[in-house]
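Okay, thanks everyone, let me get the model up on the screen. I'll start with the sheet and then move on to a side chain and some annotated spans.

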Amino acid sequence: MRWAGSKRTQSLPGSIRGYSSSGRLKEGSATTETYDLSVIIPTFNEEENIAAIIGAVNEVFRQNGIRGEILVMDDDSKDRTIEIVQEIAGQHDNVRLIVRKDDHGLSQSVVEGFGAARSAILQVIDADFSHPPELIPRFYEAIQDGADIAIGSRYMRGGNIEDWPLKRRVISLGATAFGRMLFPEITDPVSGFFAVRREVVAGAPLAPRGYKILMEVLGRGWWETFVEIPFIFKDREEGESKLRADTMVDYLKQCAGIVRFAVARRSGPVWTEWTKIVRFGLVGLSGILVNMGLLYALTEVAGLYYLVSAAIAIELSIVNNFVWNDLWTFKSVRDLRFGRRIQRFLSFQVVSMGGLIINMGILYLLADIVGIYYLVANLAGILVAFAWNYAVNRHFTWVET
Ligand code: GDD
Ligand code: MN
């Protein structure tokens with residue numbers, strides 16, 4: 001199945017590997033590649049940084065024995081960037097400059113770089129040293145070891161952002177939160193520091209716009225596995241950020257486009273994750289029905305004290321939810337051995353109890369201490385407990401192997 005391109009999508013030239021009709025990768029002959037790794041540096045007015053970053057990347061290649069090329073994708077800079085790179089390219093065979101005259105944009109530049117690259121592994125890095133070039137070999141090895149995408153993360157343990165004003169932190173956290181709704185597994189889906197196997201983007205109907213090219217690759221690229229590599233983002237010391245307000249609007253449009261794409265194709269990472277989330281939610285609703293029904297029947301019909309009925313009802317609704325989640329929501333986890341099922345059940349049980357405590361805690365906090373109407377407070381509790389239950393079970397109870 002090849003993805004149908006739409007008017008706005010930007011496809012890569014046909015010389016690179018595409019997908020066979022079965023959706024599997026065509027075999028390519030890696031030996032014909034000129035380089036092992038292509039480092040793509042998008043630039044716009046980077047005269048203060050560009051010579052230094054090229055030097056630093058080449059030094060990383062040398063120290064690690066990587067046959068690498070550097071591709072500077074410049075959007076017709078108005079400063080001396082072009083001159084500087086031309087001079088360096090004259091001295092180094094592995095450095096190339098592509099000056100773009102139209103369709104100005106960071107994402108577009110990166111995608112054009114994907115198409116021009118002469119190796120099977122593509123690395124993207126900013127010119128302003130916000131992304132430490134010393135980490136490039138880690139990305140390269142991660143892809144060689146089998147990951148389709150390697151993502152530099154500011155938000156996982158070990159990652160961080162230095163010297164960012166509060167305003168930028170808040171905007172970035174908001175953007176990241178949005179991105180994480182689409183890709184709940186990825187801590188930094190808007191990172192500009194990443195590497196991909198070329199097959200991921202070759203032939204993918206990317207619709208690059210704005211700043212968040214990685215979101216586009218994640219949303220429309222062919223990938224299954226990823227790794228995240230923590231890094232400390234250092235704000236630029238030279239020059240200034242080109243981030244503008246309309247990039248936020250662009251970003252929201254981009255998110256919407258990715259969702260529409262996932263729904264239209266009914267497959268891919270966004271679709272896969274969200275079917276699970278929706279199913280988990282439906283199972284949760286069924287659990288509420290079981291819970292209420294049993295509470296009523298055990299109290300009114302069987303004549304039990306209502307707290308005893310409630311305890312039984314809660315436990316049986318947990319069993320109900322487990323069975324449906326095991327058979328339906330997470331049916332891709334196919335370890336059917338009885339012992340494993342019991343293990344999953346116990347894990348689910350513990351997580352559910354945690355969820356219950358979270359639900360009650362938030363209810364108490366909001367209703368009793370903040371003074372919010374208790375039904376509204378309970379709704380908030382349910383939502384947070386749901387997020388907890390889903391996330392923790394997704395990671396620990398139903399582990400894909
Ligand atoms: N070709 C091209 N065209 N390059 C551009 C453009 C453009 O329109 N705008 C910026 N760049 C280049 C810059 O020269 C730099 O190398 C890199 O893209 C990042 O630009 P900055 O202006 O330094 O971005 P930032 O520091 O605000 O944003 C960073 O964080 C974002 C996540 O919060 C970048 O790493 C982004 O890639 C990242 O998405
Ligand atoms: Mn920057």
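In which sense do strand β1 and strand β2 pair, and over how many bridges? They're parallel: β1, residues 37–43, and β2, residues 68–74, pair over seven bridges. Strands here are DSSP runs of E, at least two residues, and helices are runs of H or I, at least four, numbered from the N terminus; two strands pair if DSSP finds at least two bridges between them. Within that pair, Leu37 sits opposite Gly68 in β2.

Quick caveats. This is a predicted model, so local features need pLDDT of at least 70 and side-chain atom pairs pLDDT 80 or more, while totals for chains, interfaces and linings use all residues. Residues count from 1 along each chain as written, chains are lettered from A and ligands numbered from 1 in written order, and side-chain values use heavy atoms, without hydrogens or water.

Zooming out, the open sheet has seven strands in the order β3-β2-β1-β4-β7-β5-β8, with mixed pairing. β3 (95–99) and β8 (226–230) are the edges, each pairing on one side only.

Now β7, residues 194–197, which contains Arg197. The Arg197 side chain reaches the backbone oxygen of Ala147 at 2.9 Å. Beyond neighbours within four places in sequence, Arg197 has contacts (heavy atoms within 4.5 Å) including Ala120, Ile143 and Asp148.

In the model, 277–298 is 100% helix, with end C-alpha atoms 31 Å apart. For 304–324 it's 90% helix and 27 Å.

Note on methods:
Polar contact = N/O pair within 3.5 Å; in protein donor to acceptor, adjacent residues only side chain to side chain. Contact = heavy atoms within 4.5 Å.
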